Structure formats: structure tokens, C-alpha cells
Amino acid sequence: MAGTIRDEYRLPALRFSMQFVKREPFVQIRAYYGRDKLEEVSVPAAEIGINERLSVRAYQNVEFRLPRHHIQKLADALSGRTDLEAVWLQIDRSAGFLAVVPWERLLAPVIPGAILRIPNFLVDPAFIEGPLEIVICASAPAAKEFYPVADFTISLIERIQQAVVQGTDIHVFSDRDAFHSLRARFAHGGETLPHRVSVYNPERAGQFGSGGSEISESDRLQSPWLRWIETELGGRSIDAVHFICPGFFNSEHGSIALARSPIDNMDERWSHFVASRELCTFLGDLGAGSVAFGAPYGGIWSLGLRMLADELAWTRPGPVMLYEARDPIDAVAQAYRFLFWENYAPPPGRGELMLYCHPRRLERHAEAPFLESPTLSTKSPGHEWLQATRQQLARSTIRLKDREPDSAEATAMPKRSPKSSAELSWARTNQLAVEQAWIELRGQEGAVARGAEKALRFLSELQNKYLKEQD
């Protein structure tokens with residue numbers, strides 16, 4: 001799907017893929033302008049820092065690098081076709097080997113302007129109007145390096161509030177050690193309207209026990225952290241979820257690494273891991289279209305977050321963001337403004353973080369829309385397929401119960417707005433399910449596939465129209 005988006009929107013792009021020459025792995029990087037291939041380089045994987053094994057031991061002291069003459073060759077090819085306001089990265093599947101590399105950071109010295117990643121879904125984004133609903137989950141597991149959870153979280157919240165000027169409603173879930181500092185800082189729900197902050201008491205998570213220390217491939221909601229968050233929100237619709245924590249990975253999967261429980265952070269050997277399938281269930285339950293990961297420090301533990309972000313980008317629609325403590329926090333704020341401000345804002349520049357997003361995020365800046373709004377006819381080859389899909393979604397979509405959060409320690413919980421109703425949660429969950437159907441079309445060709453693609457675009461626009469009317 002990324003290739004289709006690149007072609008359809010005529011994006012200046014760099015495509016990364018793995019190839020083998022006499023059993024030796026190479027990274028092939030090709031420069032494109034839409035369909036037109038402009039240049040190609042091939043770099044030994046070992047020269048970049050990619051190891052033949054994906055393990056913590058193999059990557060313990062890795063230093064990624066990309067020869068400058070290769071980057072310059074690609075940049076020169078692109079500069080002849082575009083002003084390079086933004087260069088898009090198309091990262092092919094590679095069982096995680098390409099995912100661990102911070103390509104944006106390696107390209108930034110030569111590529112001017114923004115560096116964004118092409119998503120793997122065709123559906124256009126739903127532009128959010130009105131206050132932004134965010135969940136922040138922050139943890140410093142004892143098994144990993146310490147960092148000041150409260151300070152990191154407060155800094156992030158302040159930057160988001162400055163960036164999203166139409167207002168925010170932020171729900172904060174943290175370790176017990178950070179809770180009191182966060183509650184004191186946001187004792188009155190934040191400083192001024194239209195921003196509100198609610199800090200939840202981790203003591204209420206005790207009923208969910210401790211989380212496991214293995215990377216699970218189950219899609220069942222098992223994490224005490226995620227179950228606590230979902231219970232406290234009580235069916236509230238969320239726009240974005242932001243995790244501040246280290247990561248972990250094995251030879252197959254990346255994960256976030258949290259304390260074993262919000263109230264139990266004594267295990268110095270193992271953290272609690274949550275991988276992509278369980279996170280997808282959680283994000284779907286909340287109706288969250290976006291997810292962000294903040295690595296509190298660089299090094300080996302941020303690689304797990306990179307692998308996790310890559311998996312999510314391939315398995316569910318919606319923006320995916322990742323940054324490290326070494327990245328400027330103002331770039332994170334700029335990314336929030338770019339993604340969620342009611343008016344146009346430019347994307348973060350100079351490869352300061354990793355961001356998967358649809359090119360229509362730039363549409364408000366364009367002089368003319370990228371695409372005309374499609375229409376759907378009952379004679380369309382995809383119409384019959386659409387009707388079957390809608391029936392399947394109606395049977396499978398989770399409908400969340402409408403009940404108020406009852407946390408005695410949540411501070412300054414605002415009165416529920418129409419945006420937080422169960423009806424809107426249902427609509428947004430349906431929207432995500434429709435978007436998931438786009439992914440299932442990946443690789444299919446022919447008239448039926450094209451018709452189905454057109455049908456889904458039509459249905460997605462109806463969903464977006466409904467959500468806009470409800471905001």
C-alpha cells in the first residue's frame with residue numbers, strides 16, 4: 001500500500017529494502033518521485049550496523065551509520081525533481097532488520113526539510129476538530145535504567161498544551177512513585193482552559209495483579225496497565241495514546257517495557273512487556289487513531305520501541321510517532337501541532353523523530369486538494385464486497401458501555417461531552433475497523449479490488465463526516 005500512496009500522491013521518496021548477494025545482506029535504497037525511479041544505491045548491512053541476528057546481545061553497543069556519499073547521491077537525485085519540503089521514507093518488510101535503524105537521524109545531515117514515513121494503509125486521516133483527548137502512560141521499570149518519570153511527563157504535557165491550541169483533555173497513568181508529584185503539579189486539572197489534566201491513582205490498579213515478563217503474541221487484554229486504563233476511562237473515546245517508557249525486543253517482536261504493576265516496581269530483573277497485538281486490541285477498544293512512543297533514553301532499549309512501531313505501522317491504520325530523549329521535545333510538540341491542530345501546521349523538520357502519517361496531513365497546506373472526493377455507485381465492482389464487509393463489521397465491532405469514570409483520585413474530571421459518549425466510541429471503533437479492511441486489500445489487484453478500494457474510501461468519508469458532525 002505504501003507504494004500505491006507514493007505513486008498516487010507523487011511523493012519524493014526513499015525506499016529501503018533488504019537483498020542478498022551471495023548470501024550477504026545488503027540494504028538497497030532507491031530514490032523515487034512518484035512512479036519514477038531516480039537513483040539507487042546498495043550498502044552492506046554490516047556497514048550500516050545491521051547485525052545478522054536480532055538480539056539484545058548482538059545490538060548492545062551498536063552505532064548505526066550511513067556513508068555520506070550514498071546519502072548525497074540520493075539527495076542530489078531528488079533535488080532535481082522537487083524542492084524537498086518533505087521526503088518520505090518507504091520501509092519494506094524485513095522481519096525487523098530495517099526497523100531498528102534510525103533512518104531519519106542518519107539522513108538528516110543531507111536531506112533538508114521534513115522526513116516522514118509513508119503509511120501502509122490507503123485510508124485518508126480523520127482531521128480532529130475540538131479538544132484533543134490523550135492518554136499518557138509513563139513508567140520507569142526497575143529492571144531498566146532509571147529516569148524521572150514525573151519530570152518527563154510534565155514537560156511533555158506542557159509542550160502538547162502549547163502546541164494544540166484548540167484544547168486538550170489529558171489522562172495520565174503512571175508508576176506509584178511519580179503519582180504524587182504529578183497530582184501536585186496538576187492539582188486543579190491544569191492551569192487554564194481549554195486544557196484539562198486528570199491524574200489517576202495507581203492504587204486502583206492493584207485488582208489487576210502483576211504483568212508477565214514475556215513478549216506475548218496474544219491479542220487478549222492481559223496487561224494490568226492496559227486493563228487499569230480502560231477501566232478508569234469507562235468507555236471514553238480517545239484520540240491518541242502516548243507511552244513514555246523503554247522498550248524490549250526478541251528475534252521476532254518489539255514491545256514496551258513497563259513496571260510489573262503500577263503499584264509494584266520491585267523486580268530488578270524483568271519488566272512487564274506488551275507487544276503489538278495486545279496494543280492493537282487496546283487502541284481499538286479506546287477508538288484511538290494515533291499512538292506515540294517516547295524513549296526516555298537512547299541505546300539498546302529504544303530499539304524495541306522501533307520494532308514495535310514498525311509492527312504497528314504494518315498492522316493498523318493511524319499515525320505512529322517515536323522519539324528519544326536525545327530528540328528535541330519541541331519537535332514532539334510540532335508533531336502534535338501538525339497532526340492535530342485545526343489549522344495547518346508544518347511537520348517537524350530535519351529528521352528529528354520518526355513519524356508515519358498519511359500525505360493528506362499536508363492537504364490543508366496545498367493550494368488544491370490532492371484528490372477529489374470519490375463517489376460510490378451500486379454498479380461499482382466493489383459494491384457487493386462493501387456490503388459483505390459492512391455486515392462483517394456490524395457483527396464484530398466492539399460496542400463500549402457508557403459509564404462514568406469513578407476514580408476518586410482523578411483530578412478535575414470534566415463533564416462528559418458528546419465526544420466522549422459511548423455512541424461516539426462506537427463510531428470511532430467502527431472507523432478503525434473499516435480502516436483495517438484497507439490493510440486486508442494489500443497486494444490484491446483487479447477490478448474487484450479497485451472497486452473495493454473505492455468503496456472503502458467512500459465509507460470512510462461517511463464515517464469522517466459523522467464524526468465531524470458530532471464534535
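Biologist: Where does Arg361 lie?

Modeller: Arg361 is in the loop between strand 15 (354–356) and helix 11 (383–396). Helices (H or I, at least four residues) and strands (E, at least two) are DSSP runs, numbered from the N terminus. The model is predicted: local features need pLDDT of at least 70, side-chain atom pairs count only at pLDDT 80 or more, and totals for chains, interfaces and linings use all residues. Residues are numbered from 1 along each chain as its sequence is written, and side-chain values use heavy atoms, leaving out hydrogens and water.

Biologist: Does Arg361 count as buried or exposed?

Modeller: Arg361 counts as buried because its relative accessibility is 5%. Buried means under 20% relative accessible area, exposed over 50%, and partly exposed in between (1.4 Å probe, protein chains only).

Biologist: And how far apart are Arg361 and Leu339 in space?

Modeller: The C-alpha atoms of Arg361 and Leu339 are 6.9 Å apart, while 22 residues separate the two in sequence.

Biologist: How many bridges join strand 11 and strand 12?

Modeller: Strand 11 (residues 254–258) and strand 12 are paired over four bridges, in the antiparallel sense. Phe273 in strand 12 is the bridge partner of Ala257, and Val274 in strand 12 stands opposite Ile256.

Biologist: Which way do the residues of strand 12 point?

Modeller: In strand 12 (residues 272–275), His272 and Val274 point one way, Phe273 and Ala275 point the other way, and all of them are buried. In a regular strand, side chains alternate between the two faces of the sheet.

Biologist: At what angle do helix 8 and helix 9 cross?

Modeller: The axes of helix 8 (residues 276–286) and helix 9 (residues 300–315) cross at roughly 55° and come within 10 Å. Axes are lines fitted to C-alpha atoms, for helices over the stretch in contact, and angles run from 0 to 180 degrees between N-to-C directions. The two helices are therefore oblique to each other; angles under 35 degrees count as roughly parallel, over 145 as roughly antiparallel, 65 to 115 as roughly perpendicular and the rest as oblique.

Biologist: Which residues meet there, between helix 8 and helix 9?

Modeller: From helix 8, Ser276, Leu279 and Cys280 meet Leu308, Glu311, Leu312 and Thr315 of helix 9.

Note on methods:
Contact = heavy atoms within 4.5 Å. Pairing = 2+ DSSP bridges.
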